[in-house]
Amino acid sequence: MKKPRRNWAAEPWDDSEMLECTQIVPETPDTWTFTFRSPSGAWFDYEPGQFITLDLPVDPSRGEAGNVQRTYTMSSSPSRPLSISVTAKAHATSVATRWMMDHMKPGMRIRAYGPSGIFSFHRHPAKKYLLISAGSGITPMMSMTTWAWDSGEMPDIVFVHAARRPSDMIFRDRLQQLANRVPGLQLRLTVEEPEPFKAWPGFHGRLSQIMLGLMAPDYLEREVFCCGPEPFMQAVREMLISLGYDMEHYHQESFGAPIATEAEAPVIDDVILDDDAKAQIRFAASEVVATCHETDTVLSVAKRSGLNIPSGCTFGLCGTCKVRKLSGDVHMVHNGGISDEDIEEGWILACCSNPMGKVEIDA
Ligand code: FES
């Protein structure tokens, strides 16, 4: 096998360079892993659990206008920095992931933005972890577990994963191989429907309080990371709250719009934007000035002006649309996609920031 071209001395990959697809591997009937490298040989520096936004030419006949940007958590680990992988599941309505499955080929180059995100156990050091995932929410857990394995200091991890059927379970064999080799990783799998005529050694049914107690009797002492469809995470949150878990130690990742539980008080926001009030945004790097209304978002004005600010979730969660505000004021209501430090340094999320008067953005 050819010695990989490594550029260790250089800076790590940054998103000014396109990514080149090197490998496509089916994981389950509707889930594939796509691996990318940097053509220059630059290495990848990110935190296990972070995501990347891919710019996909779903309709090449429309040029840039035919691109869609989608955010995918990396299933690879930064402890293996020569490449990155994303593992994507195609739902019935997916456009971008379906395009990847039908059109992505090794050798193809695409633009990508990031890595970003704050869902990583690097940010919450603890002695014991409880990783809870469902469906493709397993990807950040796989990244963190691989990192823990590669670090040689396997912490105490209970890895809970829920799927509809055993054949839907992504990375099952890899996880079982890891768990067979280290006592610190305890795999707890549950399915709603075991496959007929196949023995299923795991749990059966939806994750419940009783099941959680059996899977991780010391769950109250563990730092919890949860990722999956929003209804699943809502059920986990409500279950932990009712069990008396200290939610300061609960972290979740999702690219779906958040649903508040009764226990989570809504953020009171007394700013009422005036639909008639005019605003102006100057995009300094592009030298574009756009007039708009206070009720517009910086992202929508940029798009209308033909500018490309990368975006993912569009509701202030993923952090992909982070841009620097050079002057003026915005009204920003985000969902955790930006840190207080970044806000203090002048960064905003374009998708959930409304211009108040004249604003200058570095884009
Ligand atoms: S697009 Fe996700 S935070 Fe703006």
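Helices (H or I, at least four residues) and strands (E, at least two) are runs assigned by DSSP and numbered from the N terminus. The structure described here is a predicted model, in which local features need pLDDT of at least 70 and side-chain atom pairs count only at pLDDT 80 or more, while totals for chains, interfaces and linings use all residues. Residues are numbered from 1 along each chain as its sequence is written, and side-chain values use heavy atoms, with hydrogens and water left out.

**Domains**

The protein is divided into domain 1 (19-115), domain 2 (121-253) and domain 3 (278-361), with bounds that come from an automatic or database domain assignment. Between the C-alpha centres of domain 2 and domain 3 the distance is 36 Å.

Six strands make up an open sheet with antiparallel pairing, in the order 4-3-6-1-2-5; two strands count as paired if DSSP finds at least two bridges between them. Strand 4 (68-73) and strand 5 (84-89) are the edges, and because each has a single partner strand, one side of each is left without a neighbour in the sheet. From one strand to the next, the twist averages 35 degrees. Within this sheet, strand 1 (residues 19-28) and strand 6 (residues 109-116) are joined in the antiparallel sense over two bridges, and Leu19 stands opposite Ile110 in strand 6. Helix 1 (residues 96-103) packs on the sheet, where it touches strand 2 (31-37), strand 3 (51-56), strand 4 and strand 5, and its direction makes about 115 degrees with that of strand 5. Contact here means heavy atoms within 4.5 Å, and angles run from 0 to 180 degrees between N-to-C directions, along axes that are lines fitted to C-alpha atoms, for helices over the stretch in contact.

Another open sheet of six strands has parallel pairing and the order 10-9-8-7-11-12. Its edge strands are strand 10 (203-204) and strand 12 (250-253), each of which pairs on one side only. Strand 9 (residues 185-191) is paired with strand 10 in the parallel sense over two bridges, and Phe203 in strand 10 is the bridge partner of Thr190. Helix 3 (residues 172-181) packs on this sheet, touching strand 8 (156-163) and strand 9, and its direction makes about 145 degrees with that of strand 9. Strand 7 and strand 8 pair in the parallel sense over seven bridges, and the bridge partner of Lys128 in strand 8 is Asp156. Seven of the eight residues of strand 8 are buried, so strand 8 is largely enclosed by the rest of the structure; buried means under 20% relative accessible area, exposed over 50%, and partly exposed in between (1.4 Å probe, protein chains only).

| Helix | Residues in helix | Span, first to last C-alpha | Expected span |
|---|---|---|---|
| Helix 2 | 14 residues | 20 Å | 20 Å |
| Helix 5 | 13 residues | 18 Å | 18 Å |

Ten of the 14 residues of helix 2 are buried, so helix 2 is largely enclosed by the rest of the structure. Just after helix 2, Gly152 takes a positive phi of about 80 degrees, and just after helix 5, Gly244 takes a positive phi of about 85 degrees. Helix 5 (residues 230-242) lies across strand 7 (128-134), strand 8, strand 11 (223-227) and strand 12, and runs at about 175 degrees to strand 12. The buried residues of helix 5, among them Phe232, Met233 and Val236, pack against elements that include helix 4 (209-215) and strand 11.

**Cores and a buried cysteine**

A nonpolar core is a set of buried Ala, Val, Leu, Ile, Met, Phe, Trp, Tyr and Cys residues joined through side-chain atoms within 4.5 Å. In the largest such core, which has 26 residues, those that touch the most other members include Leu131, Met141, Phe159 and Phe225. Helix 2 gives the most to this core, with five residues. A second, separate core of 24 residues includes Phe36, Ala90, Met101 and Ile110.

Cys226 lies in strand 11 and is buried, with a relative accessible area of 0%. Leaving out residues up to four places away in sequence, Cys226 touches residues including Phe119, Ile132, Met141, Phe232 and Tyr250. Cys226 and His161 are 65 residues apart in sequence, and their C-alpha atoms are 9.8 Å apart in space.

Definitions and conventions. Expected span 1.5 Å × (residues − 1).
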